[in-house]
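Subject: Handover of a structure and summary of findings

Dear colleague,

Please find the structure below, handed over for your work. A summary of the findings follows it.

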Amino acid sequence: MRARAAMLMEPGKPLEVDEIEIDPPQHGEVLVRVAAAGVCHSDLHYILGELPLVTPAVLGHEGAGRVEAVGPGVSDLQPGDPVLFIFRAFCGQCYYCRIGRPALCDYGTPIRTSGRMFDGKTRFHLNGRDIHHFLNVSCFAEYTVVPRQALLKLPADIPLDRAALVGCAVTTGVGAVLRATRVQPGESVLVLGCGGVGLNVVQGAALVGAWPIIAADINPQKLAWAQELGATHLVNTRERSLLEAVGELTDGRGVDYAFEVIGHPETIQQAYAATRKGGTTVIVGLAPAGSQLSLDLLPFFREERTLKATLYGSVDLPRDIPLFLELYRAGRLKLDELISQRFSLDEINLAFQALREGAVKRGVIAFS
Ligand code: APR
Ligand code: ZN
Ligand code: ZN
């Protein structure tokens, strides 16, 4: 079949939207008609060449859609079923899946590293040239082909554009608070970087009753949004020292938990410095390939600090994603409020421009 898709032809260039040829789903694969795709900073890292990627590739890793057709061997999904894309396809059986850490499963790794399906071929082609897959999803396209293991079936009542955000930002951000750490009511939290993912760390912290919830960013609009999602204190780090502000709010100690949601060594250092003795720094942002962090090990030891990373919010995907949707239904998790702007696929470069300028909470590519 033919369908329109947004491709990164080479790093550093804008995306190109064109009609591509899509092969039918092979054994264990599913053809999905994409309904909505979120515009996440991770894609931007690849567009800018900060992370390695096999190109040309159809980007997009946060999205939802409906099953159009299933390949041989797929018996538990039907055409028309609403589905969420999982950018870490997981097998459900290995050690990591069994201990509730499916994001660490290696099932989808060959597809993500080669940009090709398990048979070594791509399902996307442009004028006879292979176009690669991206993070085993590639949802910046009207249709995409993914392994069955990259999909979770969605309940029928969740609007697909709202559900799409659960594919990355919501799960990563809320999971960072509920699963990567176990923040207790009354514990202090700093969220450094309040973009689409950071706002979800803020709402996760509000959900568990953290206090204070200190939102820090260089963009006042992001801080205003953070306040709407539950931040109790705001710090514009362009205008004042983060350490000073955090010190004032925590009796000079520093916070119990600092979440870095930008992906820069400098801001990771800043977050680390803002924690108290015995405190925990959580790296949620994805730093450019090759970047390093230097740590003075003696105070690290003596002050009993913890530094940890979280991938996909460290959640148990098949258990926690239905829980997050349940919390949305119950009005305890905000999804409607996260989308500030909708774009068509043809406007995708505008959507990334808006992300770079800090003009959106979460932008969503809406497919008709
Ligand atoms: N200090 C404070 N805030 C900053 C700084 C800085 N030096 N630099 C950027 N920011 C803020 C931006 O103003 C923005 O609000 O960080 C936020 C980043 O948000 P988005 O661009 O919306 O990115 P998002 O999609 O939330 O992803 C954030 O998480 O999953 C990773 O790959 C993703 O590394 C990325 C990070
Ligand atoms: Zn993402
Ligand atoms: Zn597995």
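In which loop is N136 found? N136 sits in the loop between strand 8 and strand 9; helices (H or I, at least four residues) and strands (E, at least two) are DSSP runs, numbered from the N terminus.

The model is a predicted one, in which local features need pLDDT of at least 70 and side-chain atom pairs count only at pLDDT 80 or more, whereas totals for chains, interfaces and linings use all residues. Residues are numbered from 1 along each chain as its sequence is written, chains are lettered from A and ligands numbered from 1 in the order in which they are written, and side-chain values use heavy atoms, with hydrogens and water left out.

Backbone

Although N136 is not a glycine, its phi is positive, at about 45°. N136 is buried, with a relative accessible area of 2%; buried means under 20% relative accessible area, exposed over 50%, and partly exposed in between (1.4 Å probe, protein chains only). L135 is found in the loop between strand 8 and strand 9 as well. L135, also a residue other than glycine, has a positive phi near 45°, and its relative accessible area of 14% makes it buried.

Two cis peptide bonds may be noted here. One joins T55 and P56, with omega about -5°, and P56 has its place in the loop between helix 1 and strand 4 (57-58). Another joins W211 and P212, with omega about -10°; P212 lies in the loop between helix 6 and strand 12 (213-217).

Aromatic pairs

The structure holds seven aromatic pairs. Rings of Phe, Tyr and Trp (its six-membered ring) pair if their centres lie within 6.5 Å; planes under 30 degrees apart count as stacked, over 60 as edge-to-face and the rest as tilted. The ring centres of Y46 and F134 are 5.0 Å apart and the planes stand at 85°, so this pair is edge-to-face. The pair links distant parts of the chain, with Y46 in helix 1 and F134 in the loop between strand 8 (129-131) and strand 9, 88 residues apart. Both Y46 and F134 are buried.

Salt bridges

There are 22 salt bridges in the structure, each defined as a side-chain nitrogen of Lys or Arg within 4 Å of a carboxyl oxygen of Asp or Glu. One of them joins D76 and R148, whose closest N and O atoms are 2.9 Å apart. D76 lies in the loop between strand 5 (63-70) and strand 6 (82-85) and R148 in the loop between strand 9 (143-147) and strand 10 (151-153), so the pair ties together parts that are 72 residues apart in sequence. D76 is partly exposed at 45% relative accessibility, while R148 is buried at 19%.

R162 and D161 form a salt bridge with an N to O distance of 2.7 Å, and both residues are buried. D161, R162, D336 and R342 are linked in a network of salt bridges. In the salt bridge between E244 and R240, the closest N and O atoms are 3.9 Å apart; E244 is exposed at 51% and R240 is partly exposed at 33%.

Pockets

A pocket is defined on a 1 Å grid over the protein atoms alone, as an open set of points where a 1.4 Å probe fits, with protein on both sides within 12 Å along at least five of seven lines; lining residues have an atom within 4 Å of a point. Grid points are joined across faces, edges and corners, and a volume is the space filled by probe spheres set on the points.

The largest pocket has a volume of about 1,300 Å³. Its lining comprises 49 residues, of which H41, H45, V261, I262 and L286 lie nearest the centre. Helix 1 gives the most to this lining, with four residues. By class, the lining has 23 nonpolar, 18 polar and eight charged residues; Ala, Val, Leu, Ile, Met, Phe, Trp, Tyr, Cys and Pro count as nonpolar, Asp, Glu, Lys and Arg as charged, and the others, Gly among them, as polar.

The second largest pocket holds about 150 Å³ of space. Among the residues that line it are R4, E142, D346 and F367. F367 lies in the segment after strand 18 (362-366) and is buried, with a relative accessible area of 14%.

With kind regards
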